[in-house]
Amino acid sequence: MTTETGLRDHGERADAASDLTIDQVRASSYRVPLEVAQSDGTLAWDHTSVVVAEARAGSTSGLGYSYGSEAAARVIDDTLAGEVTGLDPMDVPRAWTAMVRAVRNLGRPGIASHAIAAVDIALSDLKSRLLGLPLVHLLGRVRDHVDVYGSGGFTSASVPELCDQLEGWAEQGIPRVKMKVGRHPLEDVARVHSARDALGPDVELFVDANGAYDRKEALRLVESFAQLDVRWFEEPVSSDDLVGLRLLRDRAASVVEVAAGEYGYDLGCFRRMLSAGAVDVLQADATRCAGFTGFLQVGALCQVSSVPLSAHTAPSLHVHVACALPAVRHVEWFADHVAVERLLFDGAPQPEHGRLAPDTTATGLGLELKLTDANPYQTWSAS
């Protein structure tokens, strides 16, 4: 296909799409049990919950999802679907604004933002499918692929299990890996030491405390972690403790970057974190910060603040938007979500040489819900 023919084809698709409206938004939720219960520094869990949104215009359907409670699916059905039905599927920011306004009395952070995220992602997928484009081309590509880091290393794992998982990622060509700390602080230095010994000097090692330490404890441990060449200390204290994060950032050795932000739900939260100088790297999660529209806003904020952005979990969702933002450094290749996305969706991407690339041969996200495989895990669906 020549460039001229391709442009004409996309123009015809755009003209046809301009006559459509969003006909329907349907939500469903799924609960996938883990083979073995897991824990980090502050929580333990035995399942992963997924909320799926499907948005339809004419004969075309878009897919979105978020990792959140079944309650988010009910918010989609009760509140959000009616706000976006009838709108032009090309006007994703308009739909996003309508949804944000609609949840005012529900509360924007938490469940409502998970719900908005699933619908916003579905609408972005729908728009790009209507135009016959992969999502990364709709957004505008700044890179062909994005780096990933292997993430898991749960505190519930034995030291041999921990080392096997981290080494497995390194053997796949992923040159940076993350482990959890914080559940048993007195054991953490020894566990990190074992991980470093197993990995050798050429693999970057990250640690994530999920806010489990207090300031004094984190200050003491960051010195030991730096001696083991730990490069990233995620949520050494609670993300709500901006003073504490800034303290750790100022006191940590230059080799250790402080990261946080995965629990940010709106732009104000990210702006406050950056204004406080609380992080070396900001994290954001499109399934929490109200979808791709929210994630793009965070990316712009990072770019103007000269702070790198890292995408938290959900790698199959983040690969397209990560390749469209200059500020993005990498995407988290989170073990739980990797398994769930392979189980529930066709088209889940796989990293090569430590990098993840979007499928530009498919339209939209390139994902399809595997209904036969997903149905046994369904907990709720809109009537």
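How are α2 and α4 oriented to each other? In this predicted model, helix α2 spans residues 70-84 and helix α4 spans residues 111-130. The two helices pack at an angle of about 55 degrees, and their axes lie 9 Å apart. Angles of 65 to 115 degrees count as roughly perpendicular and those under 35 degrees as roughly parallel; α2 and α4 are therefore oblique to each other. The crossing in which α2 passes α4 is right-handed. On the α2 side, the contact is made by A71, A72, V75, I76, L80 and V84. These residues meet I111, H114, A115, I116, A118, V119 and L123 of α4. By class, the residues of this contact comprise 12 nonpolar and 1 polar, with no charged residue.

Leaving aside residues up to four places away in sequence, T48 touches Y30, R31, V32, L34, Y67, D336, H337 and V340.

For the protein overall, the secondary structure amounts to 14 helices and 15 strands. The radius of gyration is 21 Å, close to the 21 Å given by the globule rule for 383 residues, so the protein is as compact as a globular protein of that length. Along the principal axes, the C-alpha atoms fill a box of roughly 60 × 50 × 45 Å. Of the 383 residues, 55% count as buried. Among contacts with a separation of 6 or more, 72% involve residues 24 or more positions apart.

Notes: Residues numbered from 1 in each chain as written. Predicted model: local features only at pLDDT ≥ 70, side-chain atom pairs only at ≥ 80, totals over all residues. Heavy atoms only, no water. Axes fitted to C-alpha atoms, helices over the stretch in contact; angles between N-to-C directions. Helix = DSSP H or I, 4+ residues; strand = E, 2+ residues; numbered from the N terminus. Parallel < 35°, antiparallel > 145°, perpendicular 65-115°, else oblique. Left-handed = near helix turned anticlockwise from the far one by under 90°. Contact = heavy atoms within 4.5 Å. Nonpolar A, V, L, I, M, F, W, Y, C, P; charged D, E, K, R; others polar. Rg over C-alpha atoms; globule rule 2.2 N^0.38 Å. Buried < 20%, exposed > 50% of the residue type's maximum accessible area, 1.4 Å probe, protein only.
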